[in-house]
Amino acid sequence: MHLLVIPWDVNPEIFRIGSFAVRWYGLLFASSFLFGYFIMLKIFKNENLPDALLDKLTVYMAIGVIIGARLGHCLLYEPEYYLSKPLEILKVWKGGLASHGAGAGILIAVGIFAYKEKKGYFWVLDRVAIVVALSGFFIRMGNLMNSEIYGIETTVPWGFVFLRNGETAPKHPTQIYEGLAYLLIFLLLFRMYWRKKGLHIEGSLISLICILIFGARFFIEFLKEDQVAKEAGMLLNYGQKYSIPFFIIGCIGLAISLKINKRAVIKSPATSSKSR
């Protein structure tokens, strides 16, 4: 018997007026952009950059996240269904967003922004990486309020019984596991940036977020229930398989960033001695 469990029966809707409903997930999703904007505003002010530039970046990011996350879910998790009914892809309100797709959307959106605004690609990515980690926390809390994307049955004393889904046994609250992991990653990156007022190794923050976020995601997935029927019997589920490339890219990016920095440090004294 499970003596210590947490019954979870939260209404995903905050309030409803007729057919219009405000949901916790939508509020938390919007909060991720709001808090992200204010943090980026602090970073831009630290670097004497105009607010208008941040406004443009925010638009690019919003478009990249929403389109990337939606296409990621449709094409990576259920391609047969959505390719046979392409108009269903547009029905975002029915649910279905994938963080891996959002990651790809951010990389593309930042690339377009950096090209148009003549900013360094990795310079932008390093700063965006800080708020992306915080956004992951808000989104996983939204999943918790929706009673979705939770774990397998457990005997741990903090197991959640997701009553709205008809569950009777406690399950791992993997939304909380991931959310806390992303919050800690955000605090780490935020501290790394402000410790040197932005004078960090270029490419290091975006590389670290790929390693830490997708590394955490890979291991937490072992505790999750299958998200789609096709995952049954898989050694690694889709969430794990799609995390591996991001993790590898992060390792390669960090190695290259450190190598370039090492060369710069070695070169600098020689250059300064000649100038004397």
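Isoleucine 149 sits in the loop between H5 and S4. In this predicted model, isoleucine 149 has a positive phi of about 55 degrees, although it is not a glycine. Its relative accessible area is 22%, which makes it partly exposed. The cut-off for buried is under 20%, so isoleucine 149, at 22%, does not count as buried.

Lysine 118 lies in the loop between H4 and H5. Its phi is near 55 degrees, again a positive value in a residue other than glycine. Is lysine 118 buried or exposed? Lysine 118 has a relative accessible area of 74%. Exposed means over 50%, so lysine 118 is exposed.

Positive phi also turns up in a glycine. Strands S2 and S3 form a hairpin, with two residues between them. Glycine 18, in the turn, has a positive phi of about 65 degrees. S2 covers residues 13-17 and S3 covers residues 20-23. The two strands pair in the antiparallel sense, over four bridges.

The largest nonpolar core holds 56 residues. Leu57 and Ile209 have the most contacts inside this core. Which elements give two or more residues to it? They are helices H1 (24-46), H2 (51-76), H4 (99-117), H5 (121-145), H6 (174-195), H7 (204-220) and H8 (238-275), together with strand S4 (160-162). H5 supplies the largest share of the core, 14 residues.

Next comes empty space. Rolling a probe the size of a water molecule over the atoms shows where such space is left. The second largest pocket has a volume of about 290 Å³. Its lining takes in 18 residues. Nearest the centre of this pocket lie Phe122, Gly203, Ser207, Gly253 and Ser257. H5, H7 and H8 are the elements that give two or more residues to the lining. H8 provides the largest share, eight residues.

What is the make-up of the lining of the second largest pocket, by nonpolar, polar and charged residues? The lining divides into 11 nonpolar residues, six polar and one charged.

Notes. Residues are numbered from 1 along each chain as its sequence is written. This is a predicted model: local features need pLDDT of at least 70, side-chain atom pairs count only at pLDDT 80 or more; totals for chains, interfaces and linings use all residues. Side-chain values use heavy atoms; hydrogens and water are left out. Two strands pair if DSSP finds at least two bridges between them. A nonpolar core is a set of buried Ala, Val, Leu, Ile, Met, Phe, Trp, Tyr and Cys residues joined through side-chain atoms within 4.5 Å. Buried means under 20% relative accessible area, exposed over 50%, partly exposed in between (1.4 Å probe, protein chains only). On a 1 Å grid over the protein atoms alone, a cavity is a set of points where a 1.4 Å probe fits but cannot get out, and a pocket is an open set with protein on both sides within 12 Å along at least five of seven lines; lining residues have an atom within 4 Å of a point. Grid points are joined across faces, edges and corners, and a volume is the space filled by probe spheres set on the points. Ala, Val, Leu, Ile, Met, Phe, Trp, Tyr, Cys and Pro count as nonpolar, Asp, Glu, Lys and Arg as charged, and the others, Gly among them, as polar.
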